[in-house]
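I began with strand pairing.

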Amino acid sequence: MAASGDPVERGGYASPSYAQSLAEFGAVRELPRSGGSLLVRAIDGGANLRDAMACYPLFSCRDWSELGADLDELRDALVSIALVTDPFADVTPAELERAFPDVCYEYKQHYVVDLTRPLESVIGSHHRRNVRKAGRAEEVRQEPASAELLATWQSLYSNLIARHGITGIARFSPGSFTMQMSAPGFAAFSAVAEGETCGVTLWYVDRGVAYYHLAAYSERGYEAGASFALFWEALSHFAKSGVRWAALGAGAGTNASDSGLTRFKQGWATGTRPVYFCGRVLQAEAYHRLSAGRDAADGFFPAYRAPQLKAAS
């Protein structure tokens with residue numbers, strides 16, 4: 001695992017390999033100073049104008065102190081840039097505000113786990129009970145990246161897509177998953193019951209943090225509580241491997257305090273860390289022209305990409 005400032009490729013969301021897995025959503029633009037990547041997109045009706053977004057779900061980079069300089073150098077290339085920060089970003093809110101003077105606010109609190117603490121002392125009685133129950137029915141294995149894992153994962157993820165109606169960048173294509181499994185820091189765990197894989201979790205490890213990426217289950221996996229066995233084994237494995245933190249993400253949506261996903265993640269967490277939504281306008285004249293006459297509800301940024309835009313009266 002590389003230390004900060006090392007020239008080797010970083011893992012997970014900071015890796016150019018991960019960015020390339022999302023190239024169907026935009027041309028990958030690597031940022032030479034900070035070591036991050038953006039996805040550059042054409043703007044409809046923009047006459048060759050382009051903007052950029054970060055890779056889903058988080059922007060991460062090698063050197064946050066150089067991000068502002070990277071963005072300054074994109075003034076002639078992009079109208080605007082939008083991203084959500086890594087909860088373990090080595091940057092202060094004031095530094096983010098200087099790099100993103102147009103939009104910068106706390107977006108969500110992400111659940112994190114201090115893996116130096118004994119896991120059995122962290123989780124509540126409800127989670128411990130479900131871990132024991134799932135462990136009696138399922139075997140959890142760490143899985144290497146392989147064609148077999150990809151096929152199994154794709155089948156389970158198709159079930160997730162159908163169950164939750166996932167669209168857009170979070171839907172991920174089979175080709176995207178192939179590249180994601182080749183990115184540095186990738187780790188996968190499967191739950192197997194009576195010879196059938198009923199759940200898989202995907203993770204990335206980068207500089208002392210294990211980032212929970214995705215999970216998918218069969219109907220049997222949902223019924224058997226495979227998620228509890230998978231998280232227990234994955235977090236235990238990372239702790240034994242010397243990983244300092246686990247980042248579990250937030251609940252679904254922007255206000256999900258009562259959701260089952262939120263309660264599940266909260267039950268493993270030892271605390272939270274904020275992530276920030278950041279936006280910067282690099283070409284003010286073009287930005288205002290594209291946004292003119294449009295009503296961007298709730299401060300959507302960039303305004304010209306807001307869903308269900310209405311003409312201003």
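I looked up Glu139 and found that its bridge partner in β7 is Val192. This is a predicted model, in which I took local features only at pLDDT of at least 70 and side-chain atom pairs only at pLDDT 80 or more, while totals for chains, interfaces and linings use all residues. Residues are numbered from 1 along each chain as its sequence is written, and side-chain values use heavy atoms, with hydrogens and water left out.

Strand β6 (residues 139-143) is joined to β7 by 5 bridges, and the two run antiparallel. I count two strands as paired if DSSP finds at least two bridges between them. Helices (H or I, at least four residues) and strands (E, at least two) are DSSP runs, numbered from the N terminus.

Next I followed β7 to strand β8 (residues 196-206); 8 bridges join them, again antiparallel. Ala191 stands opposite Gly199 in β8. The hairpin of β7 and β8 has 2 residues between the strands, and Glu194 there takes a positive phi near 50°.

Is β7 buried or exposed? I found 8 of the 8 residues of β7 (residues 186-193) buried, so the strand is largely enclosed by the rest of the structure. Buried means under 20% relative accessible area, exposed over 50%, and partly exposed in between (1.4 Å probe, protein chains only). Phe186, Ala188, Ser190 and Val192 point one way from β7, and Ala187, Phe189, Ala191 and Ala193 point the other way.

I then turned to strand β3 (residues 50-54), where 4 of the 5 residues are buried. Strand β2 (residues 37-42) runs antiparallel to β3 with 5 bridges, and Ala42 has Arg50 as its bridge partner in β3. On to strand β4 (residues 80-84): 2 bridges join β3 to β4, and these strands run parallel. From β3 the chain crosses through helix α2 (residues 67-72) to β4, a right-handed β-α-β crossover (with the strands pointing away from the viewer, the path from the first strand over the helix to the second runs clockwise).

Last, I looked up the cores. A nonpolar core is a set of buried Ala, Val, Leu, Ile, Met, Phe, Trp, Tyr and Cys residues joined through side-chain atoms within 4.5 Å. The largest has 50 residues, and Tyr18, Val79, Trp153 and Tyr157 have the most contacts inside it. Helix α6 (residues 147-164) gives the largest share of this core, 7 residues. Apart from this core lies another, of 31 residues, including Ile123, Ala191, Leu235 and Trp268.
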